[in-house]
Amino acid sequence: PVLDESQVLAWGDFIDLDYPMLVAQTFEYATTEDSNAFYITAKALSSCGGLELCDLILVEPNKEVASGDTVFAWSPKGASIRKILMKDNMVILLDENRDPVVLAKDNTQEEWKYYRVSQCIRKL
């Protein structure tokens, strides 16, 4: 499934991993084993983390996120692409301006959610 701007914002309101499959109007082939994987369009994001040249960004929500990975982050302020750094009991999300968002690693009540970005596709 491919989510556009309005679909990404609606998805963020309840973070249902089945949502992309249920509402997507377009689909693209992806080589992934993540059954909940989906694409987002770069124009759906408030910050692209340097990936604005991509037409489609593959998000694999069931893949483990490691320090240094690029992630699709959602907060009540919108969706963005960020780099993630994990140190001790902190998670630091950096955008292309290096403006950090610092979260507690073990706090599941945070308003921020993040999922691994695995691929950036430029369509011809």
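Predicted model: local features only at pLDDT ≥ 70, side-chain atom pairs only at ≥ 80, totals over all residues.
Residues are numbered from 1 along each chain as its sequence is written. Local features need pLDDT of at least 70 and side-chain atom pairs count only at pLDDT 80 or more, while totals for chains, interfaces and linings use all residues; side-chain values use heavy atoms, without hydrogens and water.

Biologist: What is the order of the strands in the open sheet?
Modeller: Strands are DSSP runs of E with at least two residues, and helices are runs of H or I with at least four, both numbered from the N terminus. Two strands pair if DSSP finds at least two bridges between them. The open sheet has eight strands and mixed pairing, in the order S1-S2-S3-S8-S4-S5-S6-S7.

Biologist: Which are the edge strands?
Modeller: An edge strand here pairs on one side only. The two are strand S1 (2-3) and strand S7 (100-104).

Biologist: How many residues of strand S3 are buried?
Modeller: Buried means under 20% relative accessible area, exposed over 50% and partly exposed in between, with a 1.4 Å probe and protein chains only. Leu 56, Leu 58 and Glu 60 point one way from S3, and Ile 57 and Val 59 the other way. In a regular strand the side chains alternate between the two faces of the sheet. Strand S3 (residues 56-60) is mostly covered, and the buried count is five of its five residues.

Biologist: In S8, which residue is the bridge partner of Leu 56?
Modeller: Strand S2 (residues 38-41) pairs with S3 in the antiparallel sense over four bridges, and there Thr 41 stands opposite Leu 56. S3 also runs antiparallel to S8, joined by five bridges. In S8, the partner of Leu 56 is Ile 121.

Biologist: Which residue in S8 is the bridge partner of Val 71?
Modeller: Strand S4 (residues 70-75) and strand S8 (residues 113-121) run antiparallel and are joined by four bridges. The partner of Val 71 in S8 is Arg 116.

Biologist: Why does Glu 60 count as buried, and what is its relative accessibility?
Modeller: Glu 60 sits in strand S3. Contact means heavy atoms within 4.5 Å; leaving aside neighbours within four places in sequence, Glu 60 is in contact with Thr 32, Glu 33, Asp 34, Ala 37, Arg 116 and Ser 118. Glu 60 counts as buried because its relative accessibility is 2%.

Biologist: How far apart in space are Ser 75 and Trp 112, C-alpha to C-alpha?
Modeller: Ser 75 belongs to strand S4 and is buried, with a relative accessible area of 3%. Not counting residues up to four places away in sequence, Ser 75 touches Glu 111 and Trp 112. Ser 75 and Trp 112 are 37 residues apart in sequence, and their C-alpha atoms are separated by 4.6 Å.

Biologist: At what distance does the side chain of Gln 7 reach the backbone oxygen of Val 23?
Modeller: Gln 7 lies in helix H1 (residues 5-12) and is buried at 9% relative accessible area. A polar atom of the Gln 7 side chain is 3.0 Å from the backbone nitrogen of Asp 4. The Gln 7 side chain reaches the backbone oxygen of Val 23 at 3.1 Å.

Biologist: What accessible area do Met 21, Leu 22 and Phe 27 have together?
Modeller: Met 21 is in helix H2 (residues 19-23). With Leu 22 and Phe 27, Met 21 forms a nonpolar patch on the surface, and together they have an accessible area of about 350 Å².

Conventions: Polar contact = N/O pair within 3.5 Å; in protein donor to acceptor, adjacent residues only side chain to side chain. Patch = residues over 30% accessible without salt bridge, like charges linked within 9 Å, V, L, I, M, F, W, Y side chains within 5 Å. Areas by Shrake-Rupley, 256 points an atom, 1.4 Å probe, with all protein chains shown as cover. Salt bridge = Lys/Arg side-chain N within 4 Å of Asp/Glu carboxyl O.
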